[in-house]
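Hi there,

Here is the structure I promised to pass on. My notes follow below it, and I hope they are handy.

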Amino acid sequence: MLLGNSESFSINQRIRRSISLFLSILRSFYSMTMRLLDLFITSSIPVAKILLITGIGFYLALDQVNILNHDARKQLNNIVFYVFSPSLVASSLSETITYESMVKMWFMPLNVLLTFIIGSFLGWIVIKITKPPSHLRGIIVGCCAAGNLGNMPLIIIPAICNEKGSPFGDPESCEKFGLGYIALSMAIGAIYIWTYVYNLMRMLANPAGETAINSTSSTMPLISPKVEVAEQVGTWGKVKQRVCSVAEKINLRTIFAPSTIAALIALAVGLNPLLRKLLVGNTAPLRVIEDSVSLLGDGAIPVLTLIVGGNLLNGLRGSGINKSVIMGVVVVRYLLLPILGVFIVRGAHYLGLVTSEPLYQFVLLLQYVVPPAMNLGTITQLFGSGESECSVILFWSYALASVSLTVWPTFFMWLVA
């Protein structure tokens with residue numbers, strides 16, 4: 001009898017433990033689900049903002065409203081190209097760059113460059129598979145290569161830092177250092193966009209090497225039509241003549257875009273202690289210059305997004321873009337690049353090239369998962385070709401970004417924590 005009672009007690013105890021374990025698992029699952037939901041909402045905020053502003057641009061471009069018509073978008077685009085984008089790059093870089101930060105974050109420029117090179121290679125594969133029209137080749141490669149390293153992370157990082165249970169420690173310190181990383185990332189990305197991607201898109205869109213610039217209705221060839229005939233000279237003379245010939249043919253205006261020049265100036269200011277004390281900071285004697293540049297830079301993102309929304313109208317009317325092209329860009333940006341990014345960043349950490357700081361590693365990983373850069377709309381507008389198709393690709397990329405910017409950052413935080 002006692003044995004039967006003992007067995008019954010043991011069975012009841014096992015049942016209670018099983019129920020307790022099940023309830024514990026259920027609570028953990030509920031807690032994880034709620035955290036994922038909070039993170040999903042957090043990650044959706046920047047995407048929702050961009051889509052809302054895109055919708056306003058779309059409305060302003062309607063024939064019934066006709067405020068943001070083709071000519072207006074062209075003029076706005078020129079202002080972005082020559083004023084807003086250079087100001088945004090200059091203000092972000094000058095505030096962030098110091099000699100100490102460059103030493104600490106030396107791997108970041110290399111990491112961003114890898115995202116561009118790998119993305120352009122994957123974009124070339126998309127072209128080979130989808131076989132799009134020739135004028136879309138540059139757009140596809142550009143969308144795969146250039147990520148939005150600016151306004152998207154600028155909203156995501158503070159939101160994640162202030163999230164309960166964030167693995168990045170104190171929210172104030174997390175936000176301070178995180179915004180510094182993002183500002184450097186944005187400035188470096190702008191340099192690569194206006195040097196590497198800008199010229200790559202131009203060459204792919206027009207193999208002849210000439211690019212029509214809407215603002216002046218003229219051409220800005222990278223290589224001038226002048227051809228020189230080599231003379232019968234020695235080997236060294238031929239080499240020297242060839243170098244001089246290439247130097248004469250290169251049009252520096254197409255290589256050094258205004259944003260690139262602004263970045264070089266900002267680097268000079270940030271790395272020079274004397275200039276930095278004069279221009280940057282609340283106590284700088286000439287801080288009004290830096291404040292004015294920063295104020296102009298704040299207008300870049302909303303105006304860019306409005307232009308994309310206006311161009312989207314023509315795209316939805318019939319851009320003729322193949323769905324496989326959009327799918328190819330989405331797969332590259334939201335699947336292949338993040339997977340490769342994990343191997344690159346974790347491999348660099350294993351080799352001692354990247355510090356063990358979780359937030360720094362998280363920002364490096366985030367650079368592989370952001371949607372295409374909004375500046376691509378400016379570039380296509382300058383070329384006068386593919387504006388509507390580019391807007392359609394950007395629209396669908398940002399519409400799907402909420403899912404990607406929830407799943408991957410969650411995995412990244414688990415990976416680096």
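**Thr115 and its surroundings**

A polar atom of the Thr115 side chain sits 2.5 Å from the backbone oxygen of Val112, a polar contact (N or O atoms within 3.5 Å; within protein, one must be able to donate a hydrogen and the other to accept it, and residues adjacent in sequence count only if both atoms are side-chain atoms). This is a predicted model, in which local features need pLDDT of at least 70 and side-chain atom pairs count only at pLDDT 80 or more, while totals for chains, interfaces and linings use all residues. Residues are numbered from 1 along each chain as its sequence is written, and side-chain values use heavy atoms, with hydrogens and water left out.

Thr115 belongs to helix α4 (residues 107-130); helices are DSSP runs of H or I, at least four residues, numbered from the N terminus. Thr115 is buried, at 3% relative accessible area (buried is under 20%, with a 1.4 Å probe and protein chains only). Beyond its neighbours within four places in sequence, Thr115 touches Ala145, Leu337, Gln367 and Tyr368 (contact: heavy atoms within 4.5 Å).

Helix α14 (residues 323-350) is worth a look too. At its start, a side-chain oxygen of Asn322 comes within 3.0 Å of the backbone nitrogen of Ser324. After α14 comes Gly352, with a positive phi near 85°.

As for confidence, the chain has an average pLDDT of 77, and 78% of the residues score at least 70 (pLDDT is the predictor's confidence in each residue, from 0 to 100). Over residues 209-233 pLDDT stays under 50.

Best wishes

Notes
Helices (H or I, at least four residues) and strands (E, at least two) are DSSP runs, numbered from the N terminus. Buried means under 20% relative accessible area, exposed over 50%, partly exposed in between (1.4 Å probe, protein chains only). The expected span of a helix is 1.5 Å times one less than its number of residues.
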